[in-house]
Amino acid sequence: RPALLVGAGLTAAGAVLRIGIVLLARESTTRHAAAWGLMVAQAIAGIGQPFITNMPPRLANAWFPAHQRVIADTICTLANPLGVAFGFVLPPAVIGSNPDLML
């Protein structure tokens with residue numbers, strides 16, 4: 001449990017920092033500093049990832065009987081890459097192609 005909380009906290013902190021940096025960079029001309037800030041925020045989130053990606057076997061061991069652990073571990077392990085895939089596909093489908101939208 002403590003490892004999961006550390007991983008979730010670091011991932012959330014990195015996400016909040018990235019959002020804040022992007023919002024601040026839209027209002028100012030310090031895009032070079034914003035790029036470095038985004039890299040630092042991503043590094044913070046990346047430090048938390050091993051805590052989360054190593055959790056599925058422990059969850060399967062704690063919550064499922066022996067004959068269900070393999071499938072539970074497989075489903076938990078595939079949830080992260082599938083979420084990332086949806087994160088790449090869904091936003092363009094929702095936003096569409098708006099030429100006025102500038103990133």
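Of the 103 residues of the chain, 13% count as buried, that is, under 20% relative accessible area with a 1.4 Å probe and protein chains only. The model is predicted: local features need pLDDT of at least 70 and side-chain atom pairs pLDDT 80 or more, whereas totals for chains, interfaces and linings use all residues. Residues are numbered from 1 along each chain as its sequence is written, and side-chain values use heavy atoms, with hydrogens and water left out.

The secondary structure comprises 4 helices and 0 strands, where helices are DSSP runs of H or I with at least four residues and strands are runs of E with at least two, numbered from the N terminus. The order of elements from the N terminus is α-α-α-α. Among contacts (heavy atoms within 4.5 Å) with a separation of 6 or more, 58% join residues 24 or more positions apart.

The second largest pocket holds about 170 Å³ of space. A pocket is an open set of points on a 1 Å grid over the protein atoms alone, where a 1.4 Å probe fits, with protein on both sides within 12 Å along at least five of seven lines; lining residues have an atom within 4 Å of a point. Grid points are joined across faces, edges and corners, and the volume is the space filled by probe spheres set on them. Helix H1 (2-27) and helix H3 (56-63) each supply at least two lining residues, and H3 gives the largest share, 4 residues. The lining consists of Arg-1, Leu-4, Leu-5, Met-55, Arg-58, Leu-59, Ala-62 and Trp-63. By class, 6 of these are nonpolar, none polar and 2 charged.

Terms used. Nonpolar A, V, L, I, M, F, W, Y, C, P; charged D, E, K, R; others polar. Buried < 20%, exposed > 50% of the residue type's maximum accessible area, 1.4 Å probe, protein only.
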